[in-house]
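Subject: Structure for your files

Hello,

Here is the structure I said I would pass on. My notes on it follow below.

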Amino acid sequence: MAEQNCLVTNDWICGEYLRSRSQELTDATVQHIGITVVSVLIGLAVAFPLALLARRGRRFAGPVLGLTTVLYTVPSLAMFSLLLPLFGLSAALVVTGLVLYSLTILVRNILAGLEAVPREARDAARGMGYGPARLLWEVELPLALPAVMAGLRIATVSTVALTTVGSLVGKGGLGNLIEDALPSFFKAQVLAASVLCVLLAVAADLLLLGLQRVLTPWTRISGASRTPGTGGDRRAGPDGPGGPAGLPAPAKVEAG
């Protein structure tokens, strides 16, 4: 009986709320995931060419890094107000704002990863006849993946949190539930939506961590080669010693 009255007593933990509003919670979660995924993918697609442009020299790096940093400092309310005439009250408004916010993290980490590729790896690839495009896709990008994935994880978790701001225009996923509950301080709804948002961030981070391990198997092999008692160097893989395409093992990259 006490559990059934938890809605009346406005308890923080209320099983009756979860049962009676399960569809509402599901719809908000699906919208939250959709906006987050689309925003991160578009952000990655935009950040990659910007990072390549910034790598060409200081005259490009300064404006690119400066612009993405300035965009990140713009308050969300001001950002949505500036974008409103272009997109109206739509999901595209929220997605565009989230894409702009993700650029400062993604561009810097992609650039850091590419710049950390060992020079001997590039020289070896050029000696094997690799052109610029093949060098990028088959050598530099694979070796930069740890830093790129680190940036992608940070950007994704950040976007999961920032998506709630979309409630300003009614497209905030779980943020909509939080905003609707605040005027009456509906505790169960605030707690449920907040916990789901945290769980989404943790799940996304673990998923990307698993993807990183799948895409960079040589990092685990390199780690095993340094384990005592393994009987020597075990870095040789199917493509030769070290990293992909028989090139030297990638250097560790510390990405912020």
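Alanine 121 is buried, as its relative accessible area is 0%. Bear in mind that this is a predicted model. Alanine 121 sits in helix 7 (residues 119–127).

**Salt bridges**

The count is seven salt bridges. In one of them, arginine 122 meets glutamate 140, with 2.5 Å from N to O. This pair links distant parts of the chain, since arginine 122 is in helix 7 and glutamate 140 is in helix 8 (residues 132–162), 18 residues apart. Arginine 122 and glutamate 140 are both buried.

Aspartate 205 bridges to arginine 153, and their closest N and O atoms are 2.8 Å apart. Here helix 10 (residues 187–215) supplies aspartate 205 and helix 8 supplies arginine 153, 52 residues apart. Aspartate 205 is partly exposed, at 22% relative accessibility. Shared partners also join Arg55, Arg122 and Glu140 into one network of salt bridges.

Arginine 19 pairs with glutamate 16 at 3.2 Å between the closest N and O atoms. Both lie in helix 2 (residues 15–20), three residues apart, or about one turn of the helix.

**Helices 5 and 6**

The axes of helix 5 (residues 76–87) and helix 6 (residues 91–115) come within 9 Å and cross at roughly 130°, so helix 5 is oblique to helix 6. Residues in the contact include Phe80 and Leu84 of helix 5 and Leu93 and Tyr101 of helix 6. By class, this contact has 10 nonpolar, three polar and no charged residues.

Regards

Key:
Residues are numbered from 1 along each chain as its sequence is written. This is a predicted model: local features need pLDDT of at least 70, side-chain atom pairs count only at pLDDT 80 or more; totals for chains, interfaces and linings use all residues. Side-chain values use heavy atoms; hydrogens and water are left out. Axes are lines fitted to C-alpha atoms, for helices over the stretch in contact, and angles run from 0 to 180 degrees between N-to-C directions. Helices (H or I, at least four residues) and strands (E, at least two) are DSSP runs, numbered from the N terminus. Angles under 35 degrees count as roughly parallel, over 145 as roughly antiparallel, 65 to 115 as roughly perpendicular and the rest as oblique. Contact means heavy atoms within 4.5 Å. Ala, Val, Leu, Ile, Met, Phe, Trp, Tyr, Cys and Pro count as nonpolar, Asp, Glu, Lys and Arg as charged, and the others, Gly among them, as polar. Buried means under 20% relative accessible area, exposed over 50%, partly exposed in between (1.4 Å probe, protein chains only). A salt bridge is a side-chain nitrogen of Lys or Arg within 4 Å of a carboxyl oxygen of Asp or Glu.
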